[in-house]
Amino acid sequence: MRPFGNDITNIPNSGSNGGNNGGNNGSNNGNNDPNDGNDNRNTNLSSEDPSEESGLSDDPSIPPHIARIGGIVTCPPIAGQGVIRVVQRCEDAKENHKLDLSSCELMQIPDAVYHLMRNTELVTCNLSGNVLKSVSPKFSQKFSTITDLNLSHNKLSRLPEEFASLSALTKLNISNNSFIVLPQVVFKLQSLASLDAQNNAILEIDTDEAITSDNLALVDLRNNPLSRNCRRKLQNFKTPFLLEISKEMDDDW
């Protein structure tokens, strides 16, 4: 299945062209040209199925209100089931304030999700198990109330600086991604208590960066290819929180 992101298709309205063709055909009715009426026939063929003209799938399992999100025509039927899954989970989140979009094959967070969640104050957001390469800066503006964010098992290599405004966030999971350096914005999260950054490609960490959170209790950096220098520095680094790193012999890449 093709990953579901902001992959939407706007189908141009061919009605005006059809009308023009019809008018031209009407004015040529008196001609004996054997090609007369071809335009009419073509127009009729293209408009026989209204679902094709609107871009909606003719799959009866996809309700019309799901096939359209915010008045924008969604796309290829192959993504239909993914669209349904995302919309249904957004509807669930309106009730329990927990948005679970894990394993939805998302390449990015669709604008439609922000639209559906516009009147809901989320507490948790689970985006694990997708194929996200980045998170839009507007995420922190739209979901500013979340306390628990799971971004694990994606393809992320950076976080936007705007994440610093997630003042209620206490738990952040960025494990199993593609980070080479630990994003400095995580140390600017005022309420952060737990950071899971296991199983990335982190080589170095800036230990001089000021830590804003007074609540930080755990930073888990196990199973990262930390340089010997960085590992020694971290082992001697005095922190008010628990810092987990792998033993050199287990993690010598």
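Predicted model: local features only at pLDDT ≥ 70, side-chain atom pairs only at ≥ 80, totals over all residues.
# Briefing: charge pairs, ring pairs and cavities

R222 counts as partly exposed, because its relative accessibility is 33% and that class runs between the 20% limit for buried and the 50% limit for exposed residues. The partner of R222 in a salt bridge is D220, and their closest N and O atoms are 2.6 Å apart. D220, with a relative accessible area of 5%, is by contrast buried, since the buried class takes in residues under 20%.

**Salt bridges**

- Side chains of opposite charge can pair when their charged atoms come close.
- Salt bridges in the structure number five, and one of them joins the side chains of R89 and D100, with an N to O distance of 3.9 Å; this pair connects distant parts of the chain, as R89 belongs to helix α5 (residues 80-96) and D100 to strand β3 (residues 98-100), eleven residues apart.
- R89 is classed as partly exposed because its relative accessibility is 23%, which lies above the 20% limit for burial, and D100 is likewise partly exposed, with a relative accessible area of 33%.
- D111 and K138 form a salt bridge through their side chains, at 2.5 Å from N to O; here too the pair links distant parts of the chain, with D111 in helix α6 (residues 111-116) and K138 in helix α7 (residues 138-142), 27 residues apart.
- The relative accessibility of D111 is 41%, so this residue counts as partly exposed, and K138, with a relative accessible area of 31%, is partly exposed as well.

**Helix α5 and the residue that follows**

- H97 comes after α5 and has a positive phi, near 65 degrees.

**Aromatic pairs**

- A pair of aromatic rings is described by the distance of the centres and the angle of the planes.
- Across the whole structure, a search finds three aromatic pairs; in one of them, Y114 with F143, the ring centres are 5.4 Å apart and the planes stand at 45 degrees, so the pair is tilted.
- Y114 lies in helix α6 whereas F143 lies in the loop between α7 and β5 (148-150), and the pair therefore ties together parts that are 29 residues apart in sequence.
- Both Y114 and F143 are buried.
- In the pair of F139 and F163, the ring centres are 5.8 Å apart and the planes are at 25 degrees, so this pair is stacked, the limit for stacking being an angle under 30 degrees.
- Burial holds for F139 and for F163, and ring pairs join Y114, F139, F143 and F163 into a cluster.

**Positive phi in two loops**

- H153 is a residue other than glycine with a positive phi, near 55 degrees; H153 is placed in the loop between β5 and β6 and is partly exposed, with a relative accessible area of 46%.
- N199, which is not a glycine either, has a positive phi near 55 degrees; N199 sits in the loop between β7 (194-196) and β8 (218-220), and at 32% relative accessibility it counts as partly exposed.

**Cavities**

- The count of cavities of 30 Å³ or more comes to three, and the largest cavity has a volume of about 110 Å³.
- The lining of the largest cavity consists of 14 residues, and those nearest its centre are F187, I205, I211, F237 and F241.
- Sorted by class, the lining of the largest cavity comprises ten nonpolar residues, two polar residues and two charged residues.

Note on methods: Residues numbered from 1 in each chain as written. Heavy atoms only, no water. 1 Å grid on protein atoms, 1.4 Å probe; cavity = no way out; pocket = protein on both sides within 12 Å on 5 of 7 lines; lining within 4 Å. Points joined across faces, edges and corners; volume = space filled by probe spheres on them. Nonpolar A, V, L, I, M, F, W, Y, C, P; charged D, E, K, R; others polar. Salt bridge = Lys/Arg side-chain N within 4 Å of Asp/Glu carboxyl O. Helix = DSSP H or I, 4+ residues; strand = E, 2+ residues; numbered from the N terminus. Buried < 20%, exposed > 50% of the residue type's maximum accessible area, 1.4 Å probe, protein only. Phe/Tyr/Trp six-rings, centres within 6.5 Å; stacked < 30°, edge-to-face > 60°.
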